[in-house]
Amino acid sequence: MRQSQLFTRTRKDNPSDEESKNAQLLIRAGFVYKEMAGAYTYLPLGLRTLNNLNRIIREEMNAIGGQELAMTALQDKSLWEKTDRWDDAKVDNWFKTEFKSGGETGLGITHEEPITRIMTEHIASYRDLPVYAYQFQNKFRNELRAKSGIMRGKEFLMKDLYSFSKDTEEHDAFFAKAREAYLNVFRRAGIGDRTYVTFASGGIFSEFSEEFQTESEAGEDLIYVDEAKGIAVNKEVLDDATLAKLGLSKDALVEKKAIEAGNIFNLGTRFSEPLGLTYTAEDGSKQPVVMGSYGIGPTRLMGIIAETLSDDKGLVWPEEVAPFTYHLVSLAGNDDELAAVADELYADMEKKGMSVLYDDRIARAGEKFADADLIGIPYRIVVGKETKASGRVELVSRATGEVSTLSREELLNR
RNA sequence: CGGGGUGUCGUAUACCGGUAGUACGCUUGUUUUGGGAACAAGUAGACGGAGUUCAAUUCUCCGCACCCCGACCA
């Protein structure tokens, strides 16, 4: 798209009401707008980025058999009372409100209850299992204190997948596949090398859950990493008994600050029993379905990437995540002849199906380069005076700063 | 929720119990044009309420909002 048509503008100064690097950069570059503490609007560049993350996640979930649906944000109070998760004394971060017609509802904090009830209509026999269902949805959590920019909000996007299996063996096999799918997501999102499978509290569901913790100074958790094995333990469960159980040695562990990028849980029959999700087994007996839940927050993931891959000039997006692949920067100024050359190149790139943001604004080179660095598109293509003479353009990698020159044909056939 | 802090043009900041200044942005013009240009002329501002005072953006109180530390984070 033409940058002259993009309604967002960049700013030089950090916002005074943000401390976290991810929020400062994303706001300055025009990716997000802060509506209130813990609630951010995704502007065109930010939404393109978020959609790319969603696409990666969707592909990985589909690859392990996930079926996408979209549940409601409004929650049925009576359903949550059955699992004892409605009471504010039990779950303290609900946004609750009343219907004009009477009765109470809440905005979904997570979706185990509704998905389990839905499945009672569709699962009756062992022949119906397993089932894997997921959605992307805004979750609402009435946090006392939102913080860390877009990484911990009151409203945020989450991909939540739920697995329904006939027994723990079938469940465990899927759990392992889900773990690999998650690692694929983080690798494609550019943070694979600093994201660790981390053993953490399983809460009330099981002994351990597995977190995907990304090393970051902005993190909220302390993890202890065994670099050789590539796994870690969250400080919250770190003790001798746990280490023995996981076969880890204290001496091999390195402490790191990290942010939770995803989490997968064994739910057992915590929800299927109270909500009556059972199936008839081959021997005719009725059995509760064994469940798991698997969460990734794409908005938080975007924050983690902004936080960990950026440099002092601005954002640095991995190719699969970036809002555009190429940033075509025209230095034509008032040179109509050169502007025509850039226009034509832009049209040709579009025709080739290349993803390109075309900086056709009339502005000086310094401002354009600074903006390009801030926005962080992977490849910058510069059309300058040399282009008019030789037809060649300059290609600069945002991540490495590596510069090369290409002919039009070389660029268009990249 | 406990503790600490901050609210000033669109953005970032300064000063002050007595006419609110600067930079960026934006508008117009001239010159410039490969790393956030120069000059000139414009544009635009004290979170809300109450109190103290001759006078409040400034002091006090209440409210609201935002930030940070802690707690919390199935």
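Reply: In this predicted model, the largest nonpolar core comprises 93 residues, and L26, A189, I305, L328, I377, I381 and V383 have the most contacts inside it. A nonpolar core is here a set of buried Ala, Val, Leu, Ile, Met, Phe, Trp, Tyr and Cys residues joined through C-beta atoms within 7 Å; a residue is buried if 20 or more other C-beta atoms, placed from the backbone, lie within 10 Å of its own. Because domain 1 (11-309) and domain 2 (326-412) both contribute residues, the core lies between them. These bounds come from an automatic or database domain assignment. The C-alpha centres of domain 1 and domain 2 are 40 Å apart.

I381 illustrates the packing: leaving aside residues up to four places away in sequence, I381 touches Y326, H327, L328, V329, V393, L395 and L411. Contact here requires C-beta atoms, placed from the backbone, within 7 Å.

As for the whole of chain A, buried residues account for 41% of its 414 residues. Among its contacts between residues at least 6 apart in sequence, 69% join residues at least 24 apart. The C-alpha trace spans about 80 × 60 × 45 Å along its principal axes.

Residues are numbered from 1 along each chain as its sequence is written, while chains are lettered from A and ligands numbered from 1 in the order in which they are written. The model being predicted, local features need pLDDT of at least 70 and side-chain atom pairs count only at pLDDT 80 or more, whereas totals for chains, interfaces and linings use all residues.

Definitions and conventions. Buried ≥ 20, exposed ≤ 12 C-beta atoms within 10 Å, placed from the backbone. Contact = placed C-beta atoms within 7 Å.
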